[in-house]
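Subject: Structure for your review

Dear colleague,

Please find below the structure that I am handing over to you. My notes on what was found in it follow directly after.

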Amino acid sequence: SAEVYLQELLGLFPVVAVLGPRQCGKTTLMQAVAGSDWTRLDLERVADRVRLERDPDLFFRMESGRIAIDEAQELPALFPALRVAVDADRGANGRYLLTGSVSPTLVKVLHESLAGRMATLELGPFTAAEANGQSEPLFANAIGSLESLMELKPRLSEAQVHQAWWRGGYPEPWLKNSPRYTALWCENYLRSLLDRDLPRLVPGLNIPRFRAFVQLLAGVSGQILNQSDLARSLGVSQPTVRDWLELCDGTFLWRHLPAWDRHPTKRLVKHPKGHLRDSGLLHNLLRIRSMDELLGHPHMGNLWEGFVIEQILRQLAHAGETARAYHYRTGAGAEVDLVLEGGFGTIPVEIKYAETGDPRKWRALRDFVAEQSCPFGILIDNGTRVRRIDERIVAVPATCL
């Protein structure tokens, strides 16, 4: 779980930063780890900010114990002072715990100021398993071995998985358990992000046009992106679209999936894909008001694909498994939804909503495994059990994630 991984990082590094979108549970995680023996500050609280802002160097010299700082991006001057404080006692680990959100430049500033002194943990909203009280990242732990994957058992019901897909992963809608509240919460969350956070982050941002851009992204979620087409639709330049995509990715609203492009012979599509990270926010933007509407949506397959990809990537991140994520598509149209690269090797993942026994449905996956000498490939579907469908391809039900 994220808490176990965070404890591990605190034992290894002087500074650990937990990064993620607002209201995804960063403060709750901090409170679970930083007990009464920690000095805790929230930089969105005026008194705490003034206390640290007055003289950061003096603050760190005076506070000899462990310090937890929430929403650290609110005070950039804190990072150089933190570096000095760390260097005064480089042998002491687990001294500083930070959280940060809504800032694409925060990671860059942290690494520039605290290179070699800090580790980061990216925390996303709940996975389906976490929303249903199961924190053990079983799929992430099994992904490195075909034998381990074959031993996975369903841990949720199909109804629980579909409810998580419909509702998204933010904690507040799960705690209230009200469809009306969920719809209002999503609308207010997006309004707060677009009208408050982003103008502070990017002064001069054209908010009405950027709001139209986010709405447009919802409509192409899970599809190949053509930045020229997006620019023409909005009446802005292609560099502006590129900058806005980076802003959405950096603020954890959008998941950027670059094209996997290391095939020696085939002509590959180089355009990236992407999706809105939280399915609940996505459904709100698309005005999908019920599960029946979701299942009947013309792009239902793309919406399901984005949801499953997020389940996989969040679980890997919360388990501390570093992985790079790509999509793969040839000029002839062969496609693999997700290609993962990490310590476990290169693993292609195909995602289907329906269980299928037709080998043509996973031909691209099988070809990718053979051509790239992958240890195996994974097909995620809505089957009832894990099963081997080819010599080096295993089908894993979404209920096992």
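Over the ring of which residue does the charged end of arginine 167 sit? The ring is that of tryptophan 174, and the charged end of arginine 167 is 4.4 Å from its centre. Please bear in mind throughout that this is a predicted model.

Aromatic pairs

The structure holds 16 aromatic pairs. One of them joins tryptophan 165 and tryptophan 304, whose arrangement is edge-to-face, with 5.0 Å from centre to centre and 75 degrees between the planes. This pair links distant parts of the chain, since tryptophan 165 belongs to helix H10 and tryptophan 304 to helix H18 (residues 300-318), 139 residues apart. Tryptophan 165 has a relative accessible area of 0% and is therefore buried. Tryptophan 304 also counts as buried, because its relative accessibility is 1%, and the limit for that class is under 20%.

A further pair is formed by tyrosine 170 and tryptophan 185: the ring centres are 5.1 Å apart and the planes stand at 45 degrees, so the pair is tilted. Tyrosine 170 is located in the loop between H10 and helix H11 (171-176), whereas tryptophan 185 is in helix H12 (residues 179-201); the pair therefore ties together parts that are 15 residues apart in sequence. Both tyrosine 170 and tryptophan 185 are buried.

There is also an aromatic cluster, made up of Trp165, Trp304, Phe307 and Tyr353.

Histidine 162

Helix H10 (residues 158-167) also contains histidine 162. With a relative accessibility of 15%, histidine 162 counts as buried. A polar atom of its side chain lies 2.9 Å from the backbone oxygen of glutamate 158. Leaving aside residues up to four places away in sequence, histidine 162 touches Met291, Leu295, Tyr353 and Asn382.

Cysteines

A search of the whole structure finds 0 disulfides. For cysteine 248, the nearest cysteine sulfur is that of cysteine 186, at 16 Å, and cysteine 248 is in no disulfide. A disulfide would require the two sulfur atoms to be within 2.5 Å. Cysteine 248 is buried, with a relative accessible area of 1%. Cysteine 374 is likewise buried, and its relative accessible area is 2%.

Yours sincerely

Definitions and conventions. Residues numbered from 1 in each chain as written. Predicted model: local features only at pLDDT ≥ 70, side-chain atom pairs only at ≥ 80, totals over all residues. Heavy atoms only, no water. Buried < 20%, exposed > 50% of the residue type's maximum accessible area, 1.4 Å probe, protein only. Helix = DSSP H or I, 4+ residues; strand = E, 2+ residues; numbered from the N terminus. Polar contact = N/O pair within 3.5 Å; in protein donor to acceptor, adjacent residues only side chain to side chain. Contact = heavy atoms within 4.5 Å. Phe/Tyr/Trp six-rings, centres within 6.5 Å; stacked < 30°, edge-to-face > 60°. Lys NZ or Arg CZ within 6 Å of the ring centre and 35° of its normal.
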